[in-house]
Amino acid sequence: MTKENENGLLHQFLEFWKGLFIIRFLYSCGQRYVNLSKNWGNGLMKILALSDIHTDLVREEDKNDFFTMLTTFLNAIENVNLVICAGDISPDPMELTSTLKTIGEAISAEYYLFVPGNHDVWEVPEPKNEISRFKYEQQLKDVVETTKFRYLPFNPLCINDKIGVIGSIGWYDYSLRNPEWDEHLSIIDVSYSDKWYAGFVWNDARYANWGMKDEEVVDYLLKQLEIDYNNIQHCPYKIAIFHHIPFKEGVENKRVIKWDYFSAFMGSKRFGEQLLQWGVQLVIHGHAHRPREYKVEATHVYCAPIGYSQEWKTGLEKELAARIKIITFP
Ligand SMILES: [Fe+2]
């Protein structure tokens, strides 16, 4: 065999293995693509989710910078179909409205959806009887509808008979408490309905008034949610937006009573059980101020809070990038 033939054979041998490598590489990419699409469908929607903007607690002198940075951040995000704001802007309906207007102007999308949080149904400093129910059912609906946002409770959205979206403030019935503390609390005679532990108060005790016990608020909201769900039941893809947390997996306990006591006010597992039973594929909530992405059975869950400035570890610009979620669905 001549040197040329030897080189030719070597070349063919190397080309064969290179080809085989490329085929294997493409196959593995294909596998990955197939797996992703099996989980997530065909990416019909690009969703931007955020919550807990807390305009009520941004210092007056910081408001200008805060909104400039937020709008600059939102402005740079393109091709969004759905903007979701999961509550906690302000107890002041005018401040809530102006915040939603600012967001609506900063980002263009086909749909804008809002559910209120506990701060939004407060009346400060002294709540009138049933004011939270009035705000939830009527006042907030009226003011939100002067913006680009759709007030989602009592008004579910069905997009092309494909994607159905329901929403609720959610509430708590202490079912997401850390049960490790039950005995201790009964010994010292502190109950969760007090919303008070060792000098710390959960502010709903002062500023929210539904005219019902917390467990009854959950009953009332679940009944409403079921009516809304019946309107989107036919959609193969379902999204639920909450302010409070519907799953225990979304609650962070620290095994320190001063912290864990307040886990009881994070949400209710009854909402989560219902959402799983309905086969809702995507849930977005707020309330917890730590951004999270997690899965409960087949349901993908996102929490995208901006939170309070004292909770940020870096500057606002980096915090916004880490906290606001862009989700492709389904
Ligand atoms: Fe909040």
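Biologist: In this predicted model, what covers the buried residues of helix 9?

Modeller: The model is a predicted one, and in helix 9, which spans residues 269-278, the buried residues are Phe271, Gly272 and Leu275. They cover an arc of only 95° around the axis, which puts them on the same side of helix 9. What covers these buried residues includes helix 7 (214-232), strand 9, strand 10, strand 11 (292-296) and strand 12.

Biologist: Which residue just after helix 9 takes a positive phi?

Modeller: Most residues other than glycine have a negative phi. Just after helix 9 the residue with a positive phi, of about 70°, is a glycine, namely Gly279.

Biologist: Are the residues on the two faces of strand 10 buried or exposed?

Modeller: In a regular strand the side chains alternate between the two faces of the sheet. In strand 10 (residues 282-285), Leu282 and Ile284 lie on one side, while Val283 and His285 lie on the other. Both faces are covered, and these four residues are all buried.

Biologist: Which residue is the bridge partner of Leu282 in strand 12?

Modeller: Strand 10 is joined to strand 12 (residues 299-303) by four bridges, and the two run parallel. Strand 10 also pairs in the parallel sense with strand 9 (residues 237-242), over three bridges, where Ile241 has Ile284 as its bridge partner. On the strand 12 side, the partner of Leu282 is His300.

Biologist: Which strands stand at the edges of the open sheet of five strands?

Modeller: The order in this open sheet is 4-3-2-1-13, and the pairing is mixed. Strand 4 (150-151) and strand 13 (325-329) each have a single partner strand, so one side of each is left without a neighbour in the sheet. The edge strands are therefore strand 4 and strand 13.

Biologist: Which residue in strand 13 stands opposite Lys46?

Modeller: Strand 1 (residues 45-50) and strand 13 run antiparallel and are joined by five bridges. Within strand 13, the residue that stands opposite Lys46 is Thr328.

Biologist: Which residues are in contact with Ala49, leaving aside its neighbours within four places in sequence?

Modeller: In soluble globular proteins, nonpolar side chains tend to be buried together. The largest nonpolar core here has 70 residues, and Ala49 is among those with the most contacts inside it, along with Ile84, Cys85, Leu113, Val165 and Ile241. With neighbours within four places in sequence left aside, the contacts of Ala49 are Ile84, Ala86, Ile284, Tyr302, Ala304, Lys325 and Ile327.

Biologist: Why does Ala198 count as exposed?

Modeller: Ala198 is found in the loop between strand 7 (196-197) and strand 8 (200-201), and its phi is near 50°, a positive value in a residue other than glycine. Ala198 counts as exposed because its C-beta neighbours inside 10 Å number 9.

Biologist: How many C-beta neighbours inside 10 Å does Phe154 have?

Modeller: Phe154 lies in the loop between strand 4 and strand 5 (157-159), and its phi is near 65°, a positive value in a residue other than glycine. Phe154 counts as partly exposed, and its number of C-beta neighbours inside 10 Å is 14.

Terms used
Residues numbered from 1 in each chain as written. Predicted model: local features only at pLDDT ≥ 70, side-chain atom pairs only at ≥ 80, totals over all residues. Pairing = 2+ DSSP bridges. Buried ≥ 20, exposed ≤ 12 C-beta atoms within 10 Å, placed from the backbone. Arc of directions from axis to C-beta. Contact = placed C-beta atoms within 7 Å. Core = buried A, V, L, I, M, F, W, Y, C linked by C-beta atoms within 7 Å.
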